[in-house]
Amino acid sequence: VAAAPHTPSRHLARSLASAAGGDYDVVIVGGGPGGYVAAIKAGQLGLKTACVEGRGRLGGTCLNVGCIPSKAMLHSSHLYEEASKHMKDYGVIVNDVSVDLDAMLKFKEGTVDKLTQGIEGYLFKKNGVDYYKGW
């Protein structure tokens, strides 16, 4: 099994050997949007399945650092704009609107955590997929 260029192959081999020691029908390498969906489908088909993810969080770049976190921050920004510029159009007067960046970042992280935990804590368990963190 070839490791990703940035991944030390001995760590990947150790994780795969650990997963293989469980007599799996399928071992999925990578828990991004293709990997976790493939693992769930394999579990649904009745295969004994393991998923190995080096990042330690399922969902890949989109869920962890790209699309979803960006949309969470964008949502907060839109709410700020509504409160500061447009709510008066509806008869709602809001004074002293400000941004609490720490709270926005906490909201973003909470959103990501809920979604990643949904994959691991619900979908993997429901479909009998074993999850190995780290290469």
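**Helix packing and sheet order in a predicted model**

Tyr36, Ala39 and Ile40 in helix α2 meet Ile119, Leu123 and Phe124 in helix α5. By class, the contact of α2 with α5 consists of six nonpolar residues, with no polar and no charged ones.

Let me turn to the geometry of this pair. Two packed helices are described by the angle between their axes and the distance between the axes. Here, α2 spans residues 33–44 and α5 spans residues 101–126. Their axes come within 10 Å and cross at roughly 25°. Angles under 35 degrees count as roughly parallel, and α2 is therefore roughly parallel to α5.

Read from the N terminus, the elements follow the order α-β-α-β-α-α-α-β.

The strands come next. In what order do the three strands lie in the open sheet? The order is β1-β2-β3, and the pairing is parallel. The edges are held by β1, residues 26–29, and β3, residues 129–133. Each of these has a single partner strand, so one side of each is left without a neighbour in the sheet. From one strand to the next, the twist averages 20°.

Strand β2 covers residues 49–53, and its parallel pairing with β3 runs over five bridges. Within this part of the sheet, Thr49 stands opposite Val129 in β3.

Is Ser76 buried or exposed? Its relative accessible area is 14%. Buried means under 20% relative accessible area, so Ser76 is buried. Which residues does Ser76 contact, leaving aside its neighbours within four places in sequence? They are Met104 and Phe107.

I close with totals for the chain. Of its 135 residues, 30% are buried. The accessible surface comes to about 8,400 Å², and 57% of that surface belongs to carbon and sulfur atoms. Finally, consider the contacts between residues at least 6 apart in sequence: 63% of them join residues at least 24 apart.

How values were computed: Residues are numbered from 1 along each chain as its sequence is written. This is a predicted model: local features need pLDDT of at least 70, side-chain atom pairs count only at pLDDT 80 or more; totals for chains, interfaces and linings use all residues. Side-chain values use heavy atoms; hydrogens and water are left out. Axes are lines fitted to C-alpha atoms, for helices over the stretch in contact, and angles run from 0 to 180 degrees between N-to-C directions. Helices (H or I, at least four residues) and strands (E, at least two) are DSSP runs, numbered from the N terminus. Angles under 35 degrees count as roughly parallel, over 145 as roughly antiparallel, 65 to 115 as roughly perpendicular and the rest as oblique. Contact means heavy atoms within 4.5 Å. Ala, Val, Leu, Ile, Met, Phe, Trp, Tyr, Cys and Pro count as nonpolar, Asp, Glu, Lys and Arg as charged, and the others, Gly among them, as polar. Two strands pair if DSSP finds at least two bridges between them. Buried means under 20% relative accessible area, exposed over 50%, partly exposed in between (1.4 Å probe, protein chains only). Accessible areas come from the Shrake-Rupley method with a 1.4 Å probe; for residues, only the protein chains shown count as cover.
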